[in-house]
Structure formats: C-alpha cells, structure tokens
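Subject: Structure handover

Hello,

Here is the structure I promised to pass on. Please open it first, then read my notes below.

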Amino acid sequence: MPDLIPLLSQILNGLLAGSYYLMIALGLSMIFSLGGIVNLAHGAFYAIGAYLAVTLADRIGFGGALIVSPLIVALIGMVVERFLLRRFYNADPILGLLLTFGLAMVTEQTLRILYGAAPVPFSIPPELRGQVFLGDFVYSRYRLITLGITAVAVLGLWILLTKTAFGKVVRAGVQNPDMVGALGISLKPYMTAVVMIGVGLAALAGVLIAPIAGVHPAMGQEIITFAFVVVVIGGLGSFWGVVAAAAIVGMTRGVAAHFYPAATEASVYLLMVLVLLTRPRGLFGERIQKFE
Amino acid sequence: MPFDKSLSRRTLIKASAGAAALGTLGAPAISYAQADAIKIGHITPRTGFLGPLGEYAAQAAQLAAEEINAAGGIMGRKLELILDDSPNPQQASAKAERLVQRDKIVALLGEISSASALAIAQVVQREKVLFINTGANSDALRGSDCQRFMFHIEAQNSMYVKAVGRSLIRDGLVSGKRWYSLTADYAFGHDLLNVAKRYMAANGGNHAGDDLIPTDLADFSPFLLKIRQARPDVVCLNLAGTQITNFLKQYAEFGLTFPVAGFGFDTALAWGAGRGNFGGTWPVVWHHLIDTPGSKAFVTGFQKKWNRMPENQAWGDYCSLKIVAQAITETKSTEGIKIVEHFEKGAKFDLLKTREGYFRAKDHQMMMEMYAITALPAAQIRNQHDIFTSSPPVPAANESLEVIAATDDENKCTFRA
C-alpha cells in the first residue's frame with residue numbers, strides 16, 4: 001500500500017514534533033495546577049533558553065549548553081517565583097494573568113534590545129547532523145536525539161512526581177492545599193521548586209529547538225498558544241493526559257498537512273473545540289476541587 | 001493556600017486566548033516634535049514574523065533622516081521622522097490615519113506586509129498623502145489595487161520572479177522540469193504563487209504541487225516529508241519573514257538535496273539561519289556586496305550607526321526617505337499631488353546601484369536593477385555575511401529596466417480619479 005506510507009510518515013513525524021509542545025505544556029500544567037497561576041510568560045523562558053544556548057554554545061559546546069541553559073533559566077524562575085508570582089497565588093487570577101502577560105512582553109522586548117529582532121544564527125552541531133533510515137522512513141538524526149532527551153526528561157519528571165516524597169506533597173497540594181497546610185507542611189518551597197522545574201523544562205525545549213528553527217525574540221509567543229492548547233486538550237492535573245495530548249496535537253497537524261496543508265495550524269484549534277464540547281475537563285482531566 | 005472562588009479551569013481556557021493575543025499588541029509611536037519641521041511618517045511591522053525586517057527598515061529610515069538633517073534638512077527645514085509600527089492591517093490603517101490627521105505628515109513610508117500596504121493605500125488615497133511602499137511585493141498593489149498616491153520602491157513579485165527566473169533557466173531548472181512550491185498563506189504569498197505559476201508555465205515548467213504555509217509556522221517537517229515524497233527537480237519558495245529562516249534550517253536538517261530557489265527573499269533571514277544552512281538561488285533588490293560608491297557609503301554609515309550589516313529591507317527605507325527629500329526640494333512643495341506628478345514625469349533617483357531608477361508612470365513601480373544571489377558552498381564562506389555570490393545586475397546594462405517588470409497583460413493598473 002504505497003499510498004499509505006506518506007500518511008504514516010506524517011503521523012510518525014507528528015508524534016515526534018509533539019515532544020516540543022510537551023515540554024512546554026508540562027510546566028504550564030504543573031504551575032497552574034499547584035499555584036493557580038496561568039503563566040503566559042512560559043514561552044519567554046523557552047526563548048531565553050534558546051538565546052542562552054546560542055550564547056553558551058561557543059564557550060561550552062552544545063552539550064554543555066543543554067545542561068547549563070535550563071539551570072540558569074531555573075534560577076531566573078526561582079527569582080521570578082520568589083518576588084513576583086508568590087504575591088499572586090491567592091489574588092484574583094486576572095492579576096496573575098496580567099503579571100505574566102507583562103513579563104512575556106518585557107522579556108521579548110529585552111531580547112530584541114540585546115540581540116536585535118533578526119534571527120540569531122545557530123546550527124546543528126556537525127556531529128549530530130545526518131539522517132537515519134528506518135525502512136522507507138528517512139528521518140533527521142537530530143530530531144530522534146531530541147526525542148530521546150525529551151523522553152528522559154518526561155520520565156524523570158514522572159518519577160519525581162509519583163515515586164518521591166516531594167511528588168507526594170506536590171500532588172496533595174494540587175488536590176487539597178488546605179489539608180496539606182493543616183498537616184504543617186508549607187507549600188511555598190514546593191511551589192518554588194515546581195516553577196523552577198517548569199521553566200527549566202521550557203528552556204530545555206528552547207535549547208533543543210534552537211538549531212532547527214529561527215532564534216528570534218517572538219519565538220516564545222509562537223509556541224505558547226500551542227502549549228496551552230495541549231494542556232486544555234490533555235486536561236488539568238493529568239500528567240499522561242498532557243503527554244497524550246501533545247502526541248495527538250502533533251499527529252493532527254501531520255494529518256492536516258497531508259490532506260489540507262492550509263489548515264495545518266487551524267486543525268489543532270478545531271481539535272480543541274471538539275474535545276471541549278465532548279469532554280469539558282479535557283481528555284484525562286481530573287476533577288480538582290479548587291477549580292470547580 | 002486557600003484559593004479564590006473565581007479561579008477555575010475555565011480561566012485556563014480563557015488564558016489561551018490571552019496567549020494568542022500576545023503577538024497582536026503594537027508599540028506606541030515615537031516622535032520627536034519640532035516646530036516648523038517637515039514631518040514624514042514611517043510605519044512598518046516591528047513584531048511577528050516580519051518584525052526582523054521591520055527593525056532594519058526603521059533603523060535605515062532613521063539613518064537617512066540623520067544624514068538629511070546633518071546636510072541642512074529639506075529646503076532649510078528640519079526633517080522630523082515619526083516612527084510607528086503596524087502589527088496587522090487594521091492597525092496599519094488606523095495608525096496611517098492618525099499620522100496623517102493628527103501629526104500632519106507630508107508623506108508616509110514603509111510597510112512590509114502586502115495586506116497592510118493595501119489597507120494603508122486606501123487611507124493615503126483618501127487623504128491625498130504620498131505613500132512609498134518599501135517592502136510589500138504583491139503585484140495586485142501595482143495592478144487591480146493600485147492607487148495614485150502609492151508608489152513602490154520595493155520590487156513587485158513579477159520582477160522578483162523574472163530576475164531569479166533567468167538564473168533558473170540558465171541552470172536548466174525550468175523547461176520540462178517539475179517544480180514544487182511552498183507558499184506563505186496570506187496576500188503576498190497567494191499573489192506570488194500566481195505570478196510564479198504564470199512564469200514557470202510560460203517557460204515550460206511543470207508544477208508538481210504547492211502547500212500553503214501558515215505565517216507563524218515554526219515546524220516545516222510535515223512539508224519536508226511531502227517534498228521528499230514528490231521528488232521535484234526544484235523546490236521554489238514563496239515564503240516570507242521568519243518562515244524562510246525556519247525553512248532553510250530544517251531543509252538542511254532533513255538532508256534534502258533538491259535544488260532550492262526563492263521567489264521572494266530577505267538577506268537577514270539567511271544570515272539568521274546559521275552556518276551550513278543557506279542554499280539555493282534567490283532574488284534581491286539590493287545586497288551589501290554591490291560595488292558602487294553609494295552602496296559602500298550606505299554600508300559604512302549603517303554599520304557605524306547601528307553596529308550591524310544592512311540588508312535589502314534597510315536599503316528600501318533608506319533610499320525612499322532620500323527620494324522624498326529630493327522630490328520636495330525639486331518641486332519646492334510638500335503637497336502630495338505635486339510630488340506625485342513629479343514622480344509621474346519620470347524623475348530619476350540614485351538607488352546606490354549602477355543605474356538610476358524611476359517610478360513607472362502607469363503603475364508607480366520603481367524601475368531598477370535587481371540581482372540573483374546564489375549560496376556559496378560552506379567551504380568557501382569566510383564570514384557571517386558574505387555567504388553568497390551575486391549575478392550582475394538584472395536587467396543587463398544594454399536592456400531596458402522595464403523588461404523584468406509586469407506587462408500590461410500580466411498586471412494592469414487603472415488609477416481612479
């Protein structure tokens with residue numbers, strides 16, 4: 001069935017492409033679930049991650065940047081959480097929205113002032129270039145490597161959230177913050193850690209995308225809307241819901257590109273509408289008491 | 001941590017609309033008021049997928065204004081440049097109107113998006129104010145949508161296609177060959193696809209397929225898979241803005257080797273793709289390696305003021321401000337219609353190239369030399385900017401400048417009274 005091969009390769013490619021949304025969406029979902037903050041600045045951390053990769057790669061190589069850039073962004077996230085986000089956990093959600101909206105714009109303009117509006121040159125390191133042949137499916141070696149890194153990061157996060165004492169408190173804090181407080185556990189340090197992990201993951205996605213897409217100040221806002229859609233489709237509070245949604249969103253784009261390319265981006269929003277109509281909490285969304 | 005009752009999961013869904021709005025906010029106008037100055041407006045996208053080019057445009061206009069004022073202004077009066085941005089056609093129209101009515105500008109320059117230029121054209125025609133389009137390529141702006149108060153220093157799509165088309169024909173990539181295209185999904189791309197199809201069909205090319213690409217698409221992989229499947233003889237790009245950077249990087253990433261040709265291009269987007277990612281043959285209105293005294297002075301001046309290399313978008317905004325200043329001096333008038341008539345009589349202007357240019361009276365398109373640039377092999381690249389070789393000027397010295405412009409059959413303009 002030769003006609004099916006192009007479609008299958010689109011579906012497979014879409015699955016892989018979804019991994020970029022996934023790393024952004026997981027952080028968004030965690031920060032919203034625990035802190036109740038809709039972090040519109042999440043894309044900004046992704047952009048900072050990419051720019052740091054460009055700056056650092058000359059000095060410590062791409063491999064070094066892959067580790068150092070997310071760490072630096074996590075530290076920035078710690079400062080932002082401690083001095084800005086923390087003031088808004090109990091406030092009207094619209095204030096948190098305005099704060100992060102403002103942060104996103106300030107970051108974008110700062111990048112523009114520092115680096116200019118034009119894309120900053122950056123390429124795949126020569127040793128990671130090339131193609132991998134899997135039967136009829138030829139694929140970029142670099143993208144398979146990034147998929148592997150994403151898988152490790154996502155699995156690590158899942159283990160952290162489900163198998164450790166840290167994760168237990170975070171999950172309890174999502175469902176019942178008052179009870180956690182009554183047990184004498186302060187959620188503040190946990191929230192700081194969650195923000196650091198969330199924005200660090202976004203930065204990691206930024207580093208990974210930098211060699212294959214334009215590194216420019218608006219790159220954050222290009223991806224943030226999709227990441228939101230992934231969270232909404234996957235459902236709040238569901239780790240694997242977000243993972244599944246990222247894969248489904250990627251596949252939907254691939255199928256749309258195959259049959260009706262002009263609707264490649266629109267197809268994702270259509271999917272969101274369909275999911276919301278049939279499952280208002282998203283595909284695997286949990287009933288979280290404080291959000292009902 | 002008790003939660004406010006108004007927070008709900010619906011907040012998240014509403015917030016995704018907010019996320020989408022991030023890209024649509026514009027910046028306020030920057031103006032340095034001066035009494036009795038001649039005011040000229042400059043409007044161009046500063047954010048979004050055309051933002052990288054808008055930055056060059058605004059910087060070049062500021063450089064030109066500085067040079068004009070340093071040389072004594074226009075007829076002894078200071079030139080005051082008012083900069084504004086146009087993130088979308090609605091704002092372009094509203095801001096053009098505000099510049100004309102509130103700031104009383106005598107001319108408006110700029111724009112890159114063909115959709116926004118169309119909106120601006122209606123405002124300037126109504127207000128009888130001169131507008132020089134410095135970056136919008138659609139033939140329709142010089143044809144079915146032409147306006148008497150709108151002039152174009154930016155080349156039209158037909159000129160881009162014919163300029164690079166000569167190189168493609170020379171390289172045997174047109175006649176009897178299959179070409180596959182990717183097209184930016186807005187006014188510019190649709191217009192360019194039509195022009196490209198007409199040119200390729202007339203020269204014996206066979207269209208293997210086209211995909212419309214959303215303007216903010218970052219991931220080209222679905223389309224690269226389709227190209228690999230289609231096995232064309234040449235891949236032709238009708239893309240714009242950061243799309244071009246993303247395409248170049250991922251085309252190299254996927255290891256595709258079909259020859260690449262562009263029908264629209266901006267050098268900064270190739271510079272931004274990074275080492276080893278630029279390939280193919282592309283048309284430009286100007287590039288920094290042009291060996292004329294004017295171009296060399298412009299490159300030096302721009303680098304001195306902005307500490308970066310100018311590219312083709314900068315050239316258009318720099319030259320058009322100089323052209324307006326010259327025209328006001330020559331006509332001794334700041335009245336829009338006087339300058340329009342002056343242009344229509346075929347006034348000649350220095351464009352930093354070997355030949356002077358003029359606005360063609362019948363459609364207000366600048367008649368000028370263009371260039372086809374071809375990517376250098378990676379081994380021959382010495383620095384970040386000199387990544388291509390250029391053809392000699394197109395048209396050649398012994399040809400009329402009009403041979404690459406659209407003919408009446410291809411694109412007809414009738415100015416309404």
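How many Å apart do the C-alpha centres of domain 1 of chain B and domain 2 of chain B lie? They lie 26 Å apart.

Some ground rules. This is a predicted model: local features need pLDDT of at least 70, side-chain atom pairs count only at pLDDT 80 or more, and totals for chains, interfaces and linings use all residues. Residues are numbered from 1 along each chain as its sequence is written, while chains are lettered from A and ligands numbered from 1 in the order in which they are written.

**Inside chain B**

Domain 1 of chain B covers 38-156 + 290-367, and domain 2 covers 158-288 + 370-404. The bounds come from an automatic or database domain assignment. In their contact (C-beta atoms, placed from the backbone, within 7 Å), domain 1 of chain B takes part with 31 residues and domain 2 of chain B with 29. On the domain 1 side, α2 (51-70), α4 (114-127) and α11 (312-331) of chain B give two or more residues each. Helices here are DSSP runs (H or I, at least four residues), as are strands (E, at least two), numbered from the N terminus. The largest share, 4 residues, is from α11(B).

**Between the chains**

Chain B puts 56 residues in contact with 60 residues of chain A. Elements of chain B that each supply at least two residues to this side include α1 (9-21), β7 (206-213) and α8 (242-253). α1(B) gives the most, with 9 residues.

Best wishes

Technical notes. Contact = placed C-beta atoms within 7 Å.
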